[in-house]
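Thanks for making the time this morning. I would like to walk through one model with you, going from single residues out to sheets and helices and back again.

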Amino acid sequence: MCGIVGAVSQRNIVPVLVDGLYSLEYRGYDSAGIAVLNAQQQIERIRRSGKVQMLDQGVVDSGLTGKIGIAHTRWATHGAPSEKNAHPHMVGDRIVLVHNGIIENYVHLRNSLLSEVQLSSETDSEIIAALIWQEVVKHNKTLLQAVQAVVKVLEGAYAIAVLDAQQPGIMVAARCGSPITIG
């Protein structure tokens, strides 16, 4: 099963995100990833196939820091277990998303996006990120407005957390049929 961890703080949240992923290990997964908005308001992302320990080492080696971020453990449903299919998914240099669940109409949504957005994974999750990117960039919506518009076209179950590099300090989460806890 997949697991999402997100955090917004006045201090470096990377250790909180990694600890959260370790606490989700019992659920089973094939890859893990983390994305934060750094001090330069740029998204930095690290993804690894395999155990959280491999991601943790990549985080240590990179010196990753940020005050807002999202992390994820993935159990493959669409796309093979691989680093390119691991979450978080990023579209452009500003939208990053993690997703639990299955989007049943993702093939239709994917086909509608192919001429406008370069997709790099085989997942239904990246489609959600691309749709949000399209709403933010092409339709000049806030992240909240974009997520509200996109969830209206999604069919299936989901829990998502999304960041926009140009809207620092804001994380948007949404759910339908999949659980989410916010604290």
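Predicted model: local features only at pLDDT ≥ 70, side-chain atom pairs only at ≥ 80, totals over all residues.

**A walk through the model**

Let me begin with V16, which is partly exposed, because its relative accessible area is 32%, and by our convention buried means under 20% relative accessible area, exposed means over 50%, and partly exposed is in between, with a 1.4 Å probe and protein chains only. Residues are numbered from 1 along each chain as its sequence is written, and side-chain values use heavy atoms, with hydrogens and water left out.

V16 is found in helix α1, where helices (H or I, at least four residues) and strands (E, at least two) are DSSP runs numbered from the N terminus. Leaving aside neighbours within four places in sequence, V16 is in contact with V5, A7 and R11, contact meaning heavy atoms within 4.5 Å. The C-alpha atoms of V16 and A71 are separated by 9.8 Å, although these residues are 55 apart along the chain.

Now to the sheet. Which order do the four strands of the open sheet take? The order is β1-β4-β2-β3, with antiparallel pairing, and two strands are said to pair if DSSP finds at least two bridges between them. The edge strands, each pairing on one side only, are β1 (3-8) and β3 (43-49), and the twist averages 10 degrees from one strand to the next. Strand β2, residues 31-37, pairs with β3 in the antiparallel sense over seven bridges, and L37 has I43 of β3 as its bridge partner. In the loop between β2 and β3 we find Q41, whose phi is near 60 degrees, a positive value in a residue other than glycine.

Helix α2, residues 52-62, lies across β2, β3 and β4 (68-74), running at about 145 degrees to β3. Axes here are lines fitted to C-alpha atoms, for helices over the stretch in contact, and angles run from 0 to 180 degrees between N-to-C directions. The axes of α1 (residues 14-23) and α2 come within 10 Å and cross at roughly 170 degrees, which means that α1 is roughly antiparallel to α2; the convention is that angles under 35 degrees count as roughly parallel, over 145 as roughly antiparallel, 65 to 115 as roughly perpendicular, and the rest as oblique. On the α1 side the contact involves V14, V18, L21 and Y22, which meet V52, Q53, L55, D56 and V59 in α2.

The next stretch of chain to look at is a run of strands. The peptide bond from H87 to P88 is cis, with omega near -5 degrees, and P88 is found in the loop between β4 and β5. Three bridges join β5 (residues 89-91) to β6 in an antiparallel arrangement, and H89 has L97 of β6 as its bridge partner. Nine bridges join β6 to β7, also running antiparallel, where the bridge partner of L97 is V162. Strand β6, residues 95-103, is mostly covered, with seven of its nine residues buried.

To finish, consider Q167, in the loop between β7 (156-164) and β8 (171-176). Is Q167 buried or exposed? Q167 is buried, because its relative accessible area is 16%. Not counting residues up to four places away in sequence, Q167 touches R94, V136, K141, T142 and L143, and the C-alpha atoms of Q167 and T142 are separated by 8.1 Å. By contrast, N140, in the loop between α4 and α5 (143-151), is exposed, with a relative accessible area of 71%.
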